[in-house]
Amino acid sequence: MLVAAMVAQVTATAVVSTPLLLIPHLHLDEGLSLVASGALAAAPLVGTLLTLVVWGAIVDRVGERIALSSGLALLVAGCAVALAGARADDAIVLALGFGLCGVAAGSSNSASGRLVVGWFPAHRRGLAMGIRQTGLPLGVGLAALVVPAAVQTRGVAWIVTLCLVVAAVATVFIAVTVVDPPRHASEDPSGGANPYRGDRRLARIHAASALLVIPQYVVWTFMLLWLIDRHGWSAAAAGVLYAVSQVLGAAGRIGAGWWSDRVGDRLGPMRQVAVAATAVMLLLALLEGSPVAVAIMVAATMITVADNGLAFTAVAEIAGSRWSGRAFGIQNTGQYLTSAAVPPVVGAIVQYAGYGWAFAAAAVFPLAAIACVPVATRR
């Protein structure tokens with residue numbers, strides 16, 4: 001079930017990350033402005049954030065298997081629309097297709113998390129969720145190995161066709177392997193009642209996660225372009241380093257999950273990650289033009305993603321099995337709402353003020369998140 005959850009997450013993430021990785025090609029080779037290409041990269045994020053709570057409610061109602069299978073089937077349909085746009089050289093249809101892919105990806109965010117929480121006991125759940133959360137950096141890393149280099153020679157349509165094939169294979173795999181986990185009423189701390197009533201912990205975790213995802217998406221969105229444009233790297237070499245950094249990010253999520261199991265706490269480690277993210281983004285802003293900045297950027301890709309699994313596990317444990325799908329949906333909606341603004345807004349900052357100011361601006365948000373993490377109210 002952990003493998004199935006990761007297949008769903010890696011597939012959806014790789015597909016919706018594709019337009020983000022097309023930014024260097026679209027901007028440097030085809031002359032598209034950073035604001036316009038950033039808007040294309042934001043299309044799947046918008047599609048996802050508009051439907052995350054709906055997918056969470058679907059998971060709570062019908063279970064993980066149906067939600068995951070239908071979501072991946074919709075991902076195939078979105079790739080088909082995007083392929084039509086790529087072949088017709090129609091940027092609007094291409095964006096609509098990737099927006100539909102974003103809608104589909106919302107199912108894996110809620111259902112795969114519920115699958116892991118349902119099948120693993122509390123003392124192993126942090127590590128298991130950390131492994132599941134590696135699906136995001138691994139999906140981005142997989143796409144980074146293929147998209148930047150292949151788009152130069154094969155074109156956008158070939159890239160989208162590959163996305164369609166991978167999504168179709170994953171759909172079949174999920175449909176025949178996923179089994180819904182058992183539901184134990186005794187393990188539901190809310191007893192089925194609304195966990196948001198009289199308890200601010202979930203709201204504070206949602207707020208902290210929405211703030212912490214901003215530096216993560218700044219790094220994910222602009223690392224490739226920064227390496228090529230600011231440091232003179234080739235697209236292929238930049239793609240390889242980007243992929244390696246995503247693997248390190250996956251290791252960071254696993255390590256954070258293991259750490260939380262060892263200390264029996266999700267929220268204390270989450271606050272420490274927020275402190276580290278603030279420090280690394282400030283350091284990157286100060287030294288972004290120097291050779292050592294590449295190593296700092298790689299460290300930033302590892303640190304800025306380490307909190308995701310901790311937050312998801314805490315949300316599931318506080319919300320309980322009858323509300324965790326909707327709580328995941330609300331959690332992800334806040335994250336995607338803030339991350340959807342990153343490509344166009346930060347693209348404008350880079351274009352008019354430079355990378356240093358963009359990285360410095362990103363450091364403000366994890367600094368604010370430190371106060372939001374409800375460490376003092378954990379139980």
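Residues are numbered from 1 along each chain as its sequence is written, and side-chain values use heavy atoms, with hydrogens and water left out. In this predicted model, local features need pLDDT of at least 70 and side-chain atom pairs count only at pLDDT 80 or more, whereas totals for chains, interfaces and linings use all residues.

Helices are DSSP runs (H or I, at least four residues) numbered from the N terminus. Helix 11 covers residues 235–263, and its 29 residues should span 42 Å at 1.5 Å a residue. The expected span is 1.5 Å times one less than the number of residues in the helix. The end C-alpha atoms of helix 11 are 42 Å apart, in agreement with that value. Gly264 follows helix 11 and has a positive phi, near 65 degrees.

Four salt bridges are present in the structure, a salt bridge being a side-chain nitrogen of Lys or Arg within 4 Å of a carboxyl oxygen of Asp or Glu. Glu317 pairs with Arg125 in one of them, with 3.4 Å between the closest N and O atoms. Glu317 lies in helix 14 (residues 308–319) and Arg125 in helix 7 (residues 122–133), so this pair ties together parts that are 192 residues apart in sequence. Burial is classed by relative accessible area (buried under 20%, exposed over 50%, partly exposed in between; 1.4 Å probe, protein chains only). Glu317 is partly exposed, with a relative accessible area of 25%, whereas Arg125 is buried at 11%.

Glu317 also forms a salt bridge with Arg266, at 2.8 Å from N to O. This pair links distant parts of the chain, since Glu317 is in helix 14 and Arg266 in the loop between helix 11 and helix 12 (267–287), 51 residues apart. Arg266 is buried, with a relative accessible area of 9%. Salt bridges that share partners join Arg125, Asp261, Arg266 and Glu317 into one network. Arg266 and Asp261 are both buried.

Surface patches were also assigned. Patches consist of residues with over 30% relative accessible area and no salt bridge, with like charges joined within 9 Å and nonpolar side chains (Val, Leu, Ile, Met, Phe, Trp, Tyr) within 5 Å. Accessible areas come from the Shrake-Rupley method with a 1.4 Å probe, and for residues only the protein chains shown count as cover. Leu127, Ile254, Trp258, Trp259 and Val263 make a nonpolar surface patch of about 430 Å². Helix 11 supplies the largest share of this patch, four residues. Ile254 belongs to helix 11 and is partly exposed, with a relative accessible area of 30%.

A negative surface patch is formed by Asp29, Glu30, Asp89 and Asp90. In the charge assignment, Lys and Arg count as positive and Asp and Glu as negative, while His and the chain ends are not counted. The place of a charge is taken as NZ of Lys, CZ of Arg, CG of Asp or CD of Glu. Asp29 is located in helix 2 (residues 23–29) and is partly exposed, with a relative accessible area of 45%.

Val35, in helix 3 (residues 34–49), counts as partly exposed at 37% relative accessibility. The C-alpha atoms of Val35 and Trp119 are separated by 43 Å, with the two residues 84 residues apart along the chain. Arg230 is placed in the loop between helix 10 (201–229) and helix 11, and at 42% relative accessibility Arg230 counts as partly exposed. From C-alpha to C-alpha, Arg230 and Arg253 are 29 Å apart in space and 23 residues apart in sequence. Thr301 lies in helix 13 (residues 293–303) and counts as buried at 1% relative accessibility. Thr301 and Val342 are 41 residues apart along the chain, and their C-alpha atoms are separated by 16 Å.

Notes
Helix = DSSP H or I, 4+ residues; strand = E, 2+ residues; numbered from the N terminus.
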